[in-house]
Amino acid sequence: MNVMRHLLVPNHQVEDALGHIRSRGWLAPGMRVFTSEDGTARLIPLEPGAPLELPQALASFDVTSHEGEIDERADTDWWGYLSALVGDEVVERHREAWPSSHEFVGDMMIVRIEDEVAGYASQIAQAKLQSHPHIRLVLSDDGVLGEFRIRELSPIGARRGDEILLHDIPADLSDTKVHVRESGRSILCDPRRAYFSTKLQSERLETLALAKELRSLLGRPLRVCDPFCGVGPALATLLGEPGLVGDVLASDLNPDAVEMLFDNLRRWDRRDYPSEPSPLARVHDDRMVGVADATELAGDTTIAGDWDLVLVNLPHRTIEFLPTLAPLLDRTSPSMIRGRVVVAESEIDTANVAIRSALPARLEGTPEPALRIKRDYSSTLRLCSFEAWLSPV
């Protein structure tokens, strides 16, 4: 599923709203406007860079999270270009194997190419570049590698002006370090050096909504601990909400991720940060940032028991780490853990039991933590999320 923000606009106001959105470049590329269930309004897909707070001309419309609908015209273009390159017979022979879906990261497109059509990688890249003229670089996703689960990405096509290059792509065109706009903020990332996914924007917006609920309950800014922060996309969304966040702990085991995190925080906070990755330390009175092993944080008495909200963005090992991370929470007041889990659909009930047994007692009046399926991770695995409202001691 590709859940994203949509602006819900009454039918008679759609053209005016679309004019404002298009003029600012906030219409999600490759997605279409569609009719609401009751037929009285249209859902206009917003691209990730659109700000959380929209200008006055759009502020009166509701913003809702909804699965996006692909613009079939762009899809038709892709198939048309591919057919012109390889022939209709070849397209039909491998119909289910072609990479019809993709992920945009800045001016790059990432595609997963099945072995069955790997011999047509150049034609795939050319067809994608022709059907998406705003794209500079097409990368083949060859899976994840190593302890930091970095994506192995191979350039298979690039654009230089009006020219499409499919071989011997120069270094300046194959550079994967880009700025991505999300919720009105610019996030420096490099998917070859640190994990980053634009597909998780809806998750980050859900985290924002939950954090605002927790702030209302506590009546003060939150102390947020993000021990698997990467380049900081979750923090970008939270820090963009005025008065929501006070103290922050942001750490990652990947030095490359922390280097880019420093760059991002420098721009978001408008304060000085180190230029090179360094061990976790108090950079400012309200910012503890650096390289650290999340499993060792709770052993530091200056860190344990200090945080209202803990984010766990390591889906393959979240349940395993929960007992180690729970002591980070301040148990003198209500607190929350928000996490993601990759699990087989048949094992979700068992995983729910494991999550509940690993955490302290839930806050009275709140639901038991339970996994919600967000999208397929593979043919058998599902990417899920949960939140746990925890009671003070």
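Student: What makes the sheet of strands 5-6-7-8-9 an open one, and which strands stand at its edges?

Tutor: In this predicted model, five strands follow one another in the order 5-6-7-8-9, with mixed pairing. Strand 5 (103-105) and strand 9 (163-165) each have a single partner strand, so one side of each is left without a neighbour in the sheet. On average, neighbouring strands of this sheet are turned by 30° against each other, direction ignored.

Student: How do you know that strand 7 and strand 8 pair?

Tutor: Pairing requires at least two bridges, and strand 7 (residues 137-145) and strand 8 (residues 150-160) are joined by seven bridges in the antiparallel sense, so they count as paired. Valine 144, for example, has arginine 151 in strand 8 as its bridge partner.

Student: What packs on this sheet?

Tutor: Helix 5 (residues 121-131) does, touching strand 6 (108-111), strand 7, strand 8 and strand 9, and its direction makes about 65° with that of strand 8.

Student: Why is arginine 204 called buried?

Tutor: The cut-off for buried is under 20% relative accessible area, and arginine 204, at 8%, falls under it, so the word applies. This arginine 204 lies in helix 6 (residues 201-218), and its contacts, leaving aside neighbours within four places in sequence, include Glu182, Phe196, Pro233 and Thr237.

Student: How do you know that the buried residues of helix 10 line one face?

Tutor: The buried residues of helix 10 (residues 348-358) are Ile348, Ala351, Asn352, Ile355 and Ala358. Seen down the helix axis, they fall within an arc of 135°, so they line one face.

Student: What makes both faces of strand 16 count as covered?

Tutor: Leu309 and Leu311 on one side of strand 16 (residues 309-312), and Val310 and Val312 on the other, are all buried. In general, side chains in a regular strand alternate between the two faces of the sheet.

Student: Which strands are joined to strand 16 by bridges?

Tutor: Strand 12 (residues 222-226) is joined to strand 16 by two bridges, and strand 17 by four, both pairs running parallel. Leucine 309 is the bridge partner of valine 224 and also stands opposite methionine 336 in strand 17.

Terms used
Residues numbered from 1 in each chain as written. Predicted model: local features only at pLDDT ≥ 70, side-chain atom pairs only at ≥ 80, totals over all residues. Heavy atoms only, no water. Buried < 20%, exposed > 50% of the residue type's maximum accessible area, 1.4 Å probe, protein only. Arc of directions from axis to C-beta. Contact = heavy atoms within 4.5 Å. Axes fitted to C-alpha atoms, helices over the stretch in contact; angles between N-to-C directions.
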